[in-house]
Amino acid sequence: MHHGFDPGTFAAQCRERDGGTIVLPGPALASLADADCLARPANIIALWRSPDRLARTAPWRGEAGLVDVASFGETGLLAGLRRPDGLPLPIPYGSIGAPRAADGITVVETLRTGAGTLALRGPMVPAHAFPLGTEPHPTMDALGFTDTGFTCRLERDSQTLVIDGPPAGIASVGGYRFRQSHVEAQVADVNPGATILPDAYLDARLAGSALDREAMAAQLLASGVNSLIAGAFRARKASNAA
């Protein structure tokens, strides 16, 4: 999925492949359902790279089973099947067990740190940075919890966690947060005709536009700009995908 996305082409490809499961960005879920692109698959997995947007999503009314996957950068993820009323499952505070599994199997544990951020522990959380063999994850504490950096608040009545969104004007990319106005100024300094915006569909990514994308990325890197910003101008591969 990319800019210039065409729902009709996507729906046609789904019919051609007759896939039983579709994995798609969570923010695209509603628009694809409205375009009647999600009538055929038996299962849908919606990936939310900005988990705060999941809590604000509309109830799911489709016939397909929907599983939401809240991704916290490279730290870990939480998955849950939509409730019968179509709303996403809340995030429990504490131990989360595997559904339909034997008692005592814990998939992940959640914790609100003293700084008000979400920390995770368990088999869903990588103990080391990539690649394998490197030092232990730098944000893992003595108890094995890794701080995701995502701020959250505790609903005491239900003992569930609510992920807070980034402050206004902040873009979250690859675990880093950038002030949008600062990013735009850095791009304009290199090329006043170029533009850069948060990717509306794919979350946690910036989308850049310039006449010569490859040259723009090289110029940004040469000027010392963060590689995540320069990566917004990377060349897109040719494909017939929607």
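Which residue of strand 3 is the bridge partner of Ile45? The partner is Val67. This is a predicted model, in which local features need pLDDT of at least 70 and side-chain atom pairs count only at pLDDT 80 or more, while totals for chains, interfaces and linings use all residues. Residues are numbered from 1 along each chain as its sequence is written, and side-chain values use heavy atoms, with hydrogens and water left out.

**Overall make-up**
- The protein chain has six helices and 14 strands; helices (H or I, at least four residues) and strands (E, at least two) are DSSP runs, numbered from the N terminus.
- Of its 242 residues, 35% count as buried, where buried means under 20% relative accessible area, exposed over 50%, and partly exposed in between (1.4 Å probe, protein chains only).
- Among contacts in the protein chain with a separation of 6 or more, 45% come from residues 24 or more positions apart; contact means heavy atoms within 4.5 Å.

- Four strands form an open sheet in the order 1-2-3-4, with mixed pairing; two strands pair if DSSP finds at least two bridges between them.
- Strand 1 (21-25) and strand 4 (77-81) each have a single partner strand and stand at the edges, so one side of each lacks a neighbour in the sheet.
- From one strand to the next, the twist averages 20 degrees; angles run from 0 to 180 degrees between N-to-C directions, and axes are lines fitted to C-alpha atoms, for helices over the stretch in contact.
- Strand 2 (residues 43-48) and strand 3 (residues 65-71) run parallel and are joined by six bridges.
- Strand 3 pairs with strand 4 in the antiparallel sense over five bridges, and Val67 has Leu81 as its bridge partner in strand 4.
- The hairpin of strand 3 and strand 4 has five residues between the strands, and Gly73 there takes a positive phi near 60 degrees.
- In a regular strand the side chains alternate between the two faces of the sheet.
- On strand 4, Leu78 and Gly80 make up the covered face, whereas Leu77, Ala79 and Leu81 make up the uncovered one.

- Three bridges pair strand 6 with strand 7 (residues 106-112) in the antiparallel sense, and Ser95 stands opposite Glu109 in strand 7.

**Aromatic pair**
- There is one aromatic pair, by the rule that rings of Phe, Tyr and Trp (its six-membered ring) pair if their centres lie within 6.5 Å, with planes under 30 degrees apart counted as stacked, over 60 as edge-to-face and the rest as tilted.
- The ring centres of Phe72 and Phe150 are 5.2 Å apart and the planes stand at 85 degrees, so the pair is edge-to-face.
- Phe72 lies in the loop between strand 3 and strand 4 and Phe150 in strand 9 (residues 146-155), so the pair ties together parts 78 residues apart in sequence.
- Both Phe72 and Phe150 are buried.

**Helix packing**
- The axes of helix 4 (residues 180-190) and helix 5 (residues 213-222) come within 10 Å and cross at roughly 110 degrees.
- Helix 4 and helix 5 are therefore roughly perpendicular to each other (under 35 degrees counts as roughly parallel, over 145 as roughly antiparallel, 65 to 115 as roughly perpendicular and the rest as oblique).
- Gln186, Val187 and Val190 of helix 4 make the contact with Met216, Gln219 and Leu220 of helix 5.
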